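Please open the model in your viewer and keep the selection tool at hand. The tour below goes from stop to stop, saying at each one what to select and what is found there.

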Amino acid sequence: MAGHVQKSLQGACVWVTGASSGIGKALVGQLVAAGNFVIVSGRNKDALCKLATQFGGKVKPLVFDVSCADSMTSVASQLANITDYLDCVIACAGVCEYVDDLDFDSKLYERVFETNFLGVIRTLELAKPLLDKSKTAPQFVAVGSLSSVLPFPRAQAYGAAKAALEYFVKVARIDLSHQRLDVSLVRPGFVATALTSNNDFSMPFLLTPDAAAKRIIDGVRKRKAIIDFPRRLSWPLRFLGLFDGLWVRFVGPHLTRMKTNTKSV
Ligand SMILES: NC(=O)c1ccc[n+]([C@@H]2O[C@H](COP(=O)([O-])OP(=O)(O)OC[C@H]3O[C@@H](n4cnc5c(N)ncnc54)[C@H](OP(=O)(O)O)[C@@H]3O)[C@@H](O)[C@H]2O)c1
């Protein structure tokens, strides 16, 4: 229900995917500190159990590989054993693979879409019946990326999956506009996590995971449709996004690494 003001992520039951590291892990710490019960998911069981040990009864691990359609029934029953309702879900699980040449490897695209797009849909599929049982106005929050605002070289797979996610979230927000469930999209700029640790280009306005998590929680509390940050990066990108034809024609060619055709004929 857009515009409804909830009591703001306190004493809520929250499910965070991608909780074993980076932004998701930082979210867990801040959500617990605010008095929430948090179900933490990822593939790395040890990392999830460590969080559960660190936060005692406030955190419950649930191993969930979002790219694995076959695990849905089992994850649904494990989730039902932990809780019979959810107030908020933050679908943060994601991977990044860059495309380094145009010798297309469709498997790469499949991997990225399985996690970054279908993984979020699977999370919503599992969460929806429990969100419907929330006694507050429930929220589903998908973590996208500012890369969906403009086409960036090498981000064909990652950016396309995040753009698909953005489209999905916007339509879901329309379709659910007369229901209690609010759907939001987070579009972070650069955050210093494992996902960006191998980036060999400059990452302007790089944030810590804690700073990113704080901005996400603030945005979720305000029930914002789009949670973009940092503003000093998102505003210029959004402005440039108005002229993406010019970006593709004049700016992109200076950014791409594929300047010469090195293939033999
Ligand atoms: N860092 C940035 O600059 C940046 C910028 C924009 C958007 N984002 C987005 O922010 C989100 C979090 O990324 P991060 O930067 O915090 O990276 P990260 O530290 O690498 O965390 C990624 C998380 O996703 C989980 N994950 C990956 N594949 C999974 C799968 N198949 N099933 C379940 N969980 C999976 C990982 O857990 P396991 O390994 O335990 O499965 C891990 O907890 C991602 O969606 C990313 O696209 C990040």
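Before the first stop, one convention is needed: a residue with under 20% relative accessible area is called buried, one with over 50% is called exposed, and whatever falls in between is partly exposed. Please also keep in mind that this is a predicted model.

Select glutamate 97 and arginine 111, whose side chains meet in a salt bridge with 2.7 Å from N to O. Glutamate 97 sits in the loop between strand S4 (88–91) and helix H4 (106–131), whereas arginine 111 belongs to helix H4, so the pair ties together parts that are 14 residues apart in sequence. Are these two residues buried, partly exposed or exposed? Glutamate 97 has a relative accessibility of 23% and therefore counts as partly exposed, and arginine 111, at 41%, also counts as partly exposed.

Next, select lysine 128 and aspartate 132, which form a salt bridge whose closest N and O atoms are 3.1 Å apart. Lysine 128 is partly exposed, with a relative accessible area of 26%, and aspartate 132 is likewise partly exposed, at 42% relative accessibility.

A search of the whole structure finds 12 salt bridges.

For the next view, select Cys96, Tyr98, Tyr158, Leu195 and Thr196, which lie nearest the centre of the largest pocket, among the 49 residues that line it. About 1,300 Å³ of space lies in this pocket. Helix H1 (22–33), strand S2 (37–42), helix H5 (156–175) and helix H7 are the elements that give two or more residues to the lining, and H1 gives the most, with three residues.

To find its centre, select Arg215, Lys224, Asp228, Phe229 and Arg231, which are the closest to it of the 14 lining residues. Helix H6 (209–221), strand S7 (226–229) and helix H7 each supply at least two residues of this lining. By class, the lining of the second largest pocket divides into five nonpolar, two polar and seven charged residues.

**Last stop: a nonpolar patch on the surface**

Finally, show the surface and select Phe239, Leu240, Leu242, Phe243, Leu246, Phe250, Val251 and Leu255, which form a nonpolar patch with about 770 Å² of accessible area together. Which helices supply at least two residues each to the nonpolar patch? They are helix H7 (231–241) and helix H8 (244–255); H8 gives the most, with four residues, and phenylalanine 239 lies in helix H7.

How values were computed:
Residues are numbered from 1 along each chain as its sequence is written. This is a predicted model: local features need pLDDT of at least 70, side-chain atom pairs count only at pLDDT 80 or more; totals for chains, interfaces and linings use all residues. Side-chain values use heavy atoms; hydrogens and water are left out. Patches are made of residues with over 30% relative accessible area and no salt bridge: like charges are joined within 9 Å, nonpolar side chains (Val, Leu, Ile, Met, Phe, Trp, Tyr) within 5 Å. Accessible areas come from the Shrake-Rupley method with a 1.4 Å probe; for residues, only the protein chains shown count as cover. A salt bridge is a side-chain nitrogen of Lys or Arg within 4 Å of a carboxyl oxygen of Asp or Glu. On a 1 Å grid over the protein atoms alone, a cavity is a set of points where a 1.4 Å probe fits but cannot get out, and a pocket is an open set with protein on both sides within 12 Å along at least five of seven lines; lining residues have an atom within 4 Å of a point. Grid points are joined across faces, edges and corners, and a volume is the space filled by probe spheres set on the points. Ala, Val, Leu, Ile, Met, Phe, Trp, Tyr, Cys and Pro count as nonpolar, Asp, Glu, Lys and Arg as charged, and the others, Gly among them, as polar. Buried means under 20% relative accessible area, exposed over 50%, partly exposed in between (1.4 Å probe, protein chains only).
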